[in-house]
Amino acid sequence: MKFCSLASSSSGNSYYISTDDGISVLVDVGVSAKNIEQLLADIGQTAATLSALLITHEHQDHIKGIGTLARRYHLPVYATEGTWAAIDAKVGNLAETQKVRLPKSSFVLGNLTIDYLATKHDANEPVAYILQDKEQKISLLTDTGVLNSEMIGKLYNSDLIAIEANHDETMLFHGRYSYPLKKRISSDYGHLSNRACGQGLLEMIGAKTRHVVLTHLSRENNLPSLAHQCVKNTLLAGHLTGSIKLWVADALGASANIQI
Ligand SMILES: [Zn+2]
Ligand SMILES: [Zn+2]
């Protein structure tokens, strides 16, 4: 399987995943369709061959380009009932057949099995995704205020874990955001700090895990070097860095382009 981050920050998120048998999806389309077309071209791909768009939740940094991209390439868009209730009026005209409600349990697109789980976030019905082919498993978890045992259990032993390292707690505390916004971000329905991300990874990393990609960094309250160092130190303390490659996704641009 392949993974590549196309955009990853509080200003826009989109992640490309493909199987070796030609199934490919985007998880979230939080930048413009034009941006996505260019970013896919940069890695030798095209939206024309995508199998589906998977949406985590309705916040603008996850849905900005969905409507245009889905219309232009006739792509099905998968989201929860709650997310559809929030985005239906925003995505513009789509055929009803393109608006797919996530089934109750995991489902398949060709040889790709897609599972999802609820995250803790201030959105209608937000989810994270776990994508597997016969041999490999890629997990993507962003926009959650806390990690619980279900998340840790489902992400455990993924070959690649893409997980949010949103903010440094000290930078957030001393930063220029208003008090209510600071409260929102650090709440149980906000975003994961670098520290919480590292602690969670200690329990998620298994013998198969080779790649960890830190995602959705705040441009205001984090730095790539800080996120990397904090998580690396936590993994080192847990004796877990030996065979793990730790990446930090760029805010915009193809990065963490990984063949697993
Ligand atoms: Zn977000
Ligand atoms: Zn969000």
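In the predicted model, F3 is buried, with a relative accessible area of 0% (buried meaning under 20% relative accessible area with a 1.4 Å probe and protein chains only), and Y15, at 3% relative accessibility, also counts as buried. Residues are numbered from 1 along each chain as its sequence is written, and chains are lettered from A and ligands numbered from 1 in the order in which they are written. Because the model is predicted, local features need pLDDT of at least 70 and side-chain atom pairs pLDDT 80 or more, whereas totals for chains, interfaces and linings use all residues, and side-chain values use heavy atoms, with hydrogens and water left out.

A search of the whole structure finds two aromatic pairs (ring centres of Phe, Tyr or the six-membered ring of Trp within 6.5 Å; planes under 30 degrees apart count as stacked, over 60 as edge-to-face and the rest as tilted). The rings of F3 and Y15 have centres 6.2 Å apart and planes at 20°, so this pair is stacked. Y78 and F107 form a stacked pair with 5.0 Å between centres and 10° between planes, and both residues are buried.

The zinc ion (ligand 2) lies 3.4 Å from the zinc ion (ligand 1), and D143 coordinates both. Both D61 and H216 are buried.

Note on methods:
Donors are N, O and S atoms within 2.8 Å of the metal (3.2 Å for Na, K and Ca); water is not among the atoms, so sites may look incomplete. Buried means under 20% relative accessible area, exposed over 50%, partly exposed in between (1.4 Å probe, protein chains only).
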